[in-house]
Structures are given as structure tokens and as C-alpha cells.
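Student: I'm new to this protein. Could you walk me through it?

Tutor: Gladly, let's look together.

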Amino acid sequence: MKSIELRGLTHVYSRGTPFEKTAIDRLDLTIEPGMTLGLIGHTGSGKSTLISHLNALLKPTAGTVLLDGEDIFASKAAIRAARSRVGVVFQYPEYQLFEETVFADIAYGPKNQKLPEAEVDRRVREAAAFVGLDERYFDKSPLELSGGQKRRAAIAGVLAMEPEVLVLDEPTAGLDPAGREDLLEKLFAWRRARAATAILVTHDMTIAGRCDRLVVMEAGRVVLDGAPAEVFARGDRLLATGLDLPPAAHIARLLRERGVDVPAGVYTEDQLCRAVLDLWRRKGGVPC
Ligand SMILES: Nc1ncnc2c1ncn2[C@@H]1O[C@H](COP(=O)(O)OP(=O)(O)O)[C@@H](O)[C@H]1O
Ligand SMILES: [Mg+2]
């Protein structure tokens with residue numbers, strides 16, 4: 001179980017050039033182990049930059065990243081440990097697939113962990129089956145895969161490392177709705193079974209609503225942080241950052257604007273139905 005602490009994390013791209021850009025700005029964040037954290041924010045708010053620090057892919061310009069209290073840049077061994085314990089699936093999985101075959105790609109992480117060959121083989125097959133990638137793709141080049149299959153292969157490669165922290169940048173982009181739901185269910189189940197930590201970067205507010213905690217970023221900083229009900233209760237602030245609301249929260253907001261007394265923090269369809277039924281009863285309507 002790994003807690004992650006970001007202290008004063010700052011990342012400046014192209015420092016000292018006309019293209020200088022502060023992507024992360026003195027950000028503090030503690031992520032408790034065993035939770036699903038949704039990281040949300042408009043394009044360019046710094047989400048991908050932030051998660052690239054969690055497995056030591058990017059080095060902070062200032063500040064520290066602590067994994068169970070240890071600076072992940074303290075030594076080469078610490079960097080290696082972070083790469084093995086924190087599995088990151090990036091936004092564009094095609095950049096993460098570079099081996100000649102799909103099998104070799106999924107095997108890359110566990111091989112690096114110096115696991116015996118039989119164990120690597122077992123993990124590759126298990127991870128591929130888990131994400132719904134048929135073994136007939138194993139000998140193909142990752143370049144021959146469709147967008148959705150590439151994403152599944154990249155996710156399988158990270159799951160095969162059995163990380164303690166799983167970080168997914170827009171995990172369901174490029175998948176059809178049924179595939180999206182199926183993959184999400186599996187990822188949530190995977191996290192629960194291992195009591196691992198999951199960090200989901202997403203634009204999809206329905207996915208965000210299923211997380212334990214939401215962190216909203218704007219211009220490299222955290223602007224909202226709390227349980228989904230707390231964050232969605234701040235609908236105006238969320239909309240101001242260029243984000244959407246889950247459909248039920250939107251409807252609740254519209255009803256409130258029209259003077260209907262729907263409680264703040266309603267964001268699921270169930271909650272909305274219950275709130276409307278409550279109102280109906282209070283106004284003397286017949287129970288359904
Ligand atoms: N490699 C890079 N070089 C220069 N600027 C970058 C680079 N990657 C991202 N940026 C800039 O940093 C900011 C944050 O980007 P990013 O972390 O990708 O945000 P998000 O994932 O929330 O869309 C944006 O202004 C983006 O243009
Ligand atoms: Mg991004």
C-alpha cells in the first residue's frame with residue numbers, strides 16, 4: 001500500500017525560452033492508499049504533466065514526490081521502485097507500445113521486474129484476457145491494432161506489473177460505450193481485489209462520479225478537492241473551469257434554477273429520482 005504525497009510540485013516546460021510554460025504550479029496533494037481518485041480539469045490544466053511525475057518519468061522543476069514518505073528521485077533504486085510500483089497508462093497509448101509484438105509489449109514491464117519467464121508468460125496471458133485482448137493478437141505488431149486495442153494492450157502491460165498504484169490517463173478514450181463500461185467495471189474490480197490505489201484522469205463526469213475523491217485542476221493548481229457530492233455541489237465553479245457536470249447533477253441544477261428544492265450534491269440518477277420522489281411526497285402526492 002503506497003501513499004503518495006506531492007509537496008510544492010512545480011513543473012516548468014522549456015524553461016528560459018520564449019515557450020516557457022508553468023504546467024504545475026506549487027501543487028500540494030496527498031493521496032491515501034486504497035482509494036480511487038479522479039483527476040479532472042480542462043485540457044491544458046496540467047493533469048498529464050502531474051501524473052508523469054508519479055512514476056518518475058518527469059522530474060519536478062521544484063518540489064518533491066514522496067512514495068510512502070520517500071522521495072522517488074532520492075536514488076536510482078528509488079526511481080526504479082517508483083516505476084515498478086506505480087503503473088501509468090498514458091493518454092496516447094500508441095506512444096507506449098514500442099516492441100515488435102503485442103506479447104513482447106505486454107511482457108516488457110514484468111520482464112524488467114526480473115520475474116521468471118513462466119511468471120511473465122502467465123501475467124501476460126492473464127492481463128490480456130482481463131482487458132479483453134484476444135491471444136491471436138500476440139504475434140502481431142502493436143501498430144496493426146485499432147485504437148481501442150492499443151489502449152487495451154497498454155493497460156494490460158501495466159496490469160501485468162501488478163502495480164500498487166494504477167494511473168490511467170483517459171482510460172476509455174477511443175472505446176465504444178459498451179467497451180468503455182466493460183473496461184471500467186474491470187478496472188474498478190481489479191483495484192478492489194488488490195486494495196490498490198487508482199488514479200483516473202478523465203473528462204467523463206460519469207466516470208468521475210464513481211471515484212471516491214475528485215481533484216479538480218486549473219492552470220496547474222488544485223481548485224476543488226473532495227468527495228464527488230461535494231465537488232458536484234460546486235456546479236458553478238466546475239462549469240467555470242470549463243468542465244461539465246454529470247447529467248443528473250445538470251438536471252438537479254436546472255430544477256434548482258427553476259425554484260425546485262433539490263438538495264445540493266445530487267449527482268447520480270438514483271439520487272435525483274429519490275430527491276424528486278421526496279418532493280412529490282412532501283407536496284402531498286401519492287407515493288409511487
Ligand atoms: N512537452 C511539452 N512542452 C511544452 N509544453 C507542454 C508540454 N506538455 C504539455 N505542455 C503544456 O503544459 C500545460 C499542461 O499540459 P498537460 O499536462 O498536457 O495538461 P492536460 O493533461 O490537463 O491537458 C499545457 O499548457 C500544455 O500546452
Ligand atoms: Mg492530458
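Student: What share of the residues is buried?

Tutor: This is a predicted model, where local features need pLDDT of at least 70, side-chain atom pairs count only at pLDDT 80 or more, and totals for chains, interfaces and linings use all residues. Residues are numbered from 1 along each chain as its sequence is written, and side-chain values use heavy atoms, leaving out hydrogens and water. Buried means under 20% relative accessible area, exposed over 50% and partly exposed in between, with a 1.4 Å probe and protein chains only. Of the 288 residues in the protein, the buried share is 48%.

Student: Is His 11 buried or exposed?

Tutor: By that cut-off we look at its relative accessible area, which is 6%. So His 11 is buried.

Student: Which strand holds His 11?

Tutor: Strands (E, at least two residues) and helices (H or I, at least four) are DSSP runs, numbered from the N terminus. The protein has 11 helices and 10 strands. The one with His 11 covers residues 4-13 and is strand E1.

Student: Which residue's backbone oxygen does the side chain of His 11 reach?

Tutor: Contact means heavy atoms within 4.5 Å. Not counting residues up to four places away in sequence, His 11 touches several residues, including Thr 22, His 53 and Lys 59. At 3.2 Å, its side chain reaches the backbone oxygen of Lys 59.

Student: What radius of gyration does the protein have?

Tutor: The radius is taken over C-alpha atoms, and the globule rule is 2.2 Å times the number of residues to the power 0.38. For 288 residues, a compact globule would be near 19 Å, and the protein's value agrees: 21 Å.

Conventions. Chains are lettered from A and ligands numbered from 1 in the order in which they are written. A polar contact is a pair of N or O atoms within 3.5 Å; within protein, one must be able to donate a hydrogen and the other to accept it, and residues adjacent in sequence count only if both atoms are side-chain atoms.
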